[in-house]
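Let us look at how two protein chains meet. Keep the structure in view as you read.

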There are 2 protein chains.
Amino acid sequence: MVTSTTVQTRSLSNTPVNNEAAPAAALAHHEKRGGLKVIDDILARRAKAGKLVAGIAAASNSDMFKGSTDDMPSAKRWDDHLTRESRARGPCTLKQAAKHLKQPGIISLGGGLPSSQVFPFASLSMTVPTVPNFHEADTLTSGQTLSIGKYDVRDEVADYDLSIALNYGQSTGSAQMMRFLTEHTEIICQPPYKDWGVCQTVGSTGALEQALRMFCDKDRNDSVLTEDFSFSTALETIHPLGVHVFGAAIDDQGLLPEAMDEMLTKWDASARDGARKPHVLYTVPSGQNPTGATQSAERRRAVYAVAQKHDLFIIEDEPYYFLQMKTYPPEAQAAVAPSPPESVQDFVESLLPTLVSLDTDGRVLRMDSFSKVLVPGSRLGWIVASAQIVERFQRHAEVANQGPNGFSQVILHKLLDETWGHEGYLKWLMNLRLEYTAKRNTLLAACEEHLPRDLVRWTPPVAGMFHPDAGKRDLKAIEEEIFDSCIQNGVLIARGSWFQAEKEKPLSGLHFRATYASASAESMSEATSRFAAAVRKSFRKA
Amino acid sequence: MVTSTTVQTRSLSNTPVNNEAAPAAALAHHEKRGGLKVIDDILARRAKAGKLVAGIAAASNSDMFKGSTDDMPSAKRWDDHLTRESRARGPCTLKQAAKHLKQPGIISLGGGLPSSQVFPFASLSMTVPTVPNFHEADTLTSGQTLSIGKYDVRDEVADYDLSIALNYGQSTGSAQMMRFLTEHTEIICQPPYKDWGVCQTVGSTGALEQALRMFCDKDRNDSVLTEDFSFSTALETIHPLGVHVFGAAIDDQGLLPEAMDEMLTKWDASARDGARKPHVLYTVPSGQNPTGATQSAERRRAVYAVAQKHDLFIIEDEPYYFLQMKTYPPEAQAAVAPSPPESVQDFVESLLPTLVSLDTDGRVLRMDSFSKVLVPGSRLGWIVASAQIVERFQRHAEVANQGPNGFSQVILHKLLDETWGHEGYLKWLMNLRLEYTAKRNTLLAACEEHLPRDLVRWTPPVAGMFHPDAGKRDLKAIEEEIFDSCIQNGVLIARGSWFQAEKEKPLSGLHFRATYASASAESMSEATSRFAAAVRKSFRKA
């Protein structure tokens with residue numbers, strides 16, 4: 001038995017952003033997206049539309065804010081993919097009644113909306129960075145203080161205020177953030193069909209559970225296809241629903257389309273515990289968790305083609321999309337400092353196409369959130385999908401959570417929409433990518449300094465060594481021994497088995513996932529050396 | 001066919017708070033709770049415990065913060081009430097790994113927690129009322145500005161800060177708010193068993209769906225018992241799960257225990273579409289939605305006894321608990337101004353016992369939230385239940401939403417825990433009750449002024465009249481006609497049929513729900529007169 005001990009960095013990819021693979025197609029895509037040009041169009045459109053009027057619990061959708069998509073085809077219908085539960089959902093009666101509030105002069109004795117008068121917050125303010133001085137230390141010297149009043153809309157100083165944000169809202173989130181996120185989706189994704197839309201969420205964790213309940217029905221023996229090693233929380237979300245999970249083989253660019261195709265073509269339910277051939281794919285295309293693999297543009301197209309061939313609906317989970325990095329240079333020590341900033345236009349053009357950008361059928365539900373790029377505590381995310389899918393998602397959100405909270409919406413709207421604007425936010429994302437690139441480089445430099453090269457490899461991610469107990473002891477026991485030894489040595493690292501899609505299969509190798517997201521530069525060297533000691537001990541090379 | 005046209009005020013009860021019904025028992029209960037005395041105990045306990053140390057994603061539970069319950073019996077086990085889905089849940093691996101972070105000096109390369117360094121919020125501040133000057137206008141003159149820094153914990157100026165609140169957390173919510181809510185539950189509820197606990201939620205809407213998925217399994221033909229007219233959103237949450245709902249008869253104090261008992265004793269699944277005898281009761285004991293009925297202390301005890309007899313697990317939804325009001329005086333016009341303030345001690349003693357306060361078995365899951373008493377946009381609530389139920393709830397929350405957002409938690413903690421304190425918060429609730437009492441009185445005075453007494457009655461809530469089309473047209477059609485006419489006249493009022501528990505049954509009367517929660521005092525008179533015109537028109541008395 002081959003025992004491969006692999007250290008893989010995560011959160012952000014350490015594999016090349018391989019745009020060269022499909023230059024013509026990628027170029028066409030980027031030309032169409034345009035980045036800054038789209039921002040100009042959006043600003044012109046806003047100026048033409050005039051002031052956004054959207055009061056308490058105002059209904060909204062992306063069609064109110066997006067540019068013309070009249071020349072595009074409509075999404076296909078996905079009714080037969082939906083579960084009985086999802087199809088049974090009706091609209092929330094009390095939220096629907098709110099549509100009458102648009103009638104001028106109407107007085108409501110209908111909905112139980114508390115009076116904003118009794119909210120104990122007269123104003124909220126915050127100190128935030130000024131574009132482009134994003135560093136934490138800069139905020140103390142050059143930062144700005146933004147204020148949100150209770151009645152800024154009435155007082156005509158803003159489009160959104162506390163009296164609206166802190167009251168009940170629609171499960172799609174506020175119209176104000178709907179506008180920002182619809183425009184952001186235009187700048188980044190430009191889905192190639194007519195009736196795409198956005199719905200705000202309580203973060204991608206909740207969005208995934210909602211999506212699974214829309215598409216996966218244990219009474220149909222439904223199953224989900226995902227990467228061989230997949231995000232552990234996603235697996236833990238699927239399992240209690242009584243839905244099957246199957247892992248497709250991966251390489252350093254994630255999902256292998258040929259392996260997916262072969263698996264689905266030869267599907268035999270009787271050999272799979274009765275599981276119906278998967279009709280849903282769950283994938284993390286950028287900085288996959290736990291492997292860190294990023295699908296190239298070409299790979300994404302190939303994965304999408306397999307989904308079309310086998311009628312898979314795709315749940316695209318993209319928390320790390322904006323943290324795509326350039327390849328870690330081999331002359332490591334010299335290159336800990338990341339490359340200098342580029343223009344916003346270069347940044348947008350450098351981004352790989354999302355699956356929803358390739359989605360001519362409307363078969364993708366893309367999940368994004370502010371957790372990895374602003375603050376996880378906002379519990380504010382959004383999906384991009386066809387109007388029919390957004391509508392079913394919204395119906396569930398009305399009873400599952402009522403959409404995201406108002407503090408996050410009004411605070412992020414003040415920061416992103418009113419203050420930084422789309423261009424400023426893209427600059428923030430560019431800067432964040434540089435900060436994480438520096439952290440990644442520091443961790444990889446620490447690996448080069450401390451890890452025993454005869455036992456561990458970390459880039460390229462797949463490499464191997466014989467453990468002295470290989471074949472004698474269960475690999476999970478060895479993995480556990482190394483993990484426990486790490487804890488004793490004072491370093492926490494994630495075990496590969498946590499992420500295995502099919503838990504009943506034997507482990508194929510020893511994997512550990514290290515992240516550079518939270519540790520400081522100084523502590524990464526120490527942590528890596530502690531991990532190295534635990535590995536050496538297990539391999540009896542201490 | 002008798003067509004009763006009833007206007008019922010909601011959100012807050014307009015039925016008497018009937019403590020006289022069971023004076024000895026209620027007194028014993030209140031003596032035990034003690035209000036201010038419990039606050040003294042809590043303050044002493046905090047002083048003894050010293051500084052609360054709880055960093056990023058720190059695990060917590062109520063046992064860390066509550067007083068001794070050693071002399072009490074443990075909750076019964078409810079395993080056989082749980083669904084297969086709920087029983088299948090394991091802990092979230094990555095959240096569990098956070099327990100190792102308690103080890104001094106440990107460096108994490110494990111969890112994907114972003115570094116708080118890259119959060120763009122250096123500080124947050126807010127203007128709020130100073131106790132007891134809670135009126136909106138007072139905040140502008142005598143309000144105070146509270147500030148929350150990013151590193152207040154490191155800088156030893158507070159127990160909670162942005163670096164913790166805005167990062168990932170546990171699905172139970174932060175330890176800091178867990179402490180406040182556990183103590184608040186001690187002051188108000190004092191559940192009479194040992195192992196009760198609190199878990200924060202994303203609001204009672206989400207908490208209800210989580211609770212239903214824990215207890216109601218369509219594969220078992222499960223069913224839920226509730227009031228004949230029940231909260232429409234709750235019904236809309238239950239229905240798509242394939243779970244049956246049955247309505248028990250109600251009077252002006254809500255659920256009729258005798259009717260519940262008879263219904264359950266004579267249960268015949270074959271006559272009920274195969275539905276298993278209900279093992280779950282969903283009830284809103286205070287200010288029931290839509291009827292406004294409030295169960296007296298005696299009624300609550302009787303409902304609980306029926307639940308014990310028939311082994312019902314109770315989901316207690318109490319958004320309006322603190323808005324219990326005194327009876328509307330018959331000499332209406334003179335009494336629009338509500339009674340003068342009372343002491344905090346009087347206030348706590350005047351509150352009816354919650355079902356969880358009577359819950360010797362641990363069979364109640366109580367849902368509460370800040371939506372009706374602070375701001376709905378916080379999307380922050382909590383449940384009170386036995387440790388075993390909290391644990392299953394928490395397992396689902398880890399994948400359903402990750403618990404409430406950090407902005408709400410840190411903002412409400414600053415206001416409620418660090419600034420107002422428990423006593424100040426109770427004063428806020430006292431004042432809020434007065435404000436809503438004044439609004440209720442205004443609406444009822446408007447009813448007396450404008451509504452045609454020969455067609456409509458509103459207090460007591462059940463009264464009747466023959467509609468000219470009674471027996472000729474479907475009642476829902478007449479209800480719709482009046483509703484549409486109201487909209488035309490410029491008033492939105494909720495239709496009774498929206499709240500009917502068993503939708504397939506014919507309507508037994510014409511009901512409309514009017515709420516005084518959001519309309520201003522001036523507009524209520526106009527709105528009531530518009531409703532009166534719509535009723536007159538339908539009854540051909542215009």
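Start with the charges. This is a predicted model. Between chain A and chain B, 8 salt bridges cross the interface. One to look for joins Lys218(B) to Asp219(A). Their closest N and O atoms lie 2.5 Å apart. A salt bridge is counted here when such atoms are within 4 Å, so this pair qualifies.

Now widen the view to polar contacts. The interface of chain A and chain B holds 37 residue pairs of this kind, with both residues at pLDDT 80 or more. Which helix of chain A gives the most residues to the side that touches chain B? Find helix α14 of chain A, residues 406-450. That helix supplies 13 residues to this side. Sorted by class, the side of chain A facing chain B has 56 nonpolar, 38 polar and 19 charged residues.

How much of each chain takes part? Chain A brings 113 residues to the contact, and chain B brings 113 residues. The size of an interface is often given as the accessible area lost when the parts come together. Here, about 9000 Å² is buried between chain A and chain B. Carbon and sulfur atoms give 60% of that area. In chain A, the residues that lose the most area to chain B are Ile107(A), Leu109(A) and Leu492(A). Together they make up 9% of what that side buries.

Strand β2 of chain A covers residues 107-108. This strand pairs with strand β14 of chain B, residues 491-492. The two run in the parallel sense, over 2 bridges. Within β14(B), Val491(B) is the bridge partner of Ile107(A).

Key:
Residues are numbered from 1 along each chain as its sequence is written. Chains are lettered from A and ligands numbered from 1 in the order in which they are written. This is a predicted model: local features need pLDDT of at least 70, side-chain atom pairs count only at pLDDT 80 or more; totals for chains, interfaces and linings use all residues. Side-chain values use heavy atoms; hydrogens and water are left out. Contact means heavy atoms within 4.5 Å. Buried area is the accessible area (1.4 Å probe) that two parts lose on being put together, summed over both. A salt bridge is a side-chain nitrogen of Lys or Arg within 4 Å of a carboxyl oxygen of Asp or Glu. A polar contact is a pair of N or O atoms within 3.5 Å; within protein, one must be able to donate a hydrogen and the other to accept it, and residues adjacent in sequence count only if both atoms are side-chain atoms. Helices (H or I, at least four residues) and strands (E, at least two) are DSSP runs, numbered from the N terminus. Ala, Val, Leu, Ile, Met, Phe, Trp, Tyr, Cys and Pro count as nonpolar, Asp, Glu, Lys and Arg as charged, and the others, Gly among them, as polar. Two strands pair if DSSP finds at least two bridges between them.
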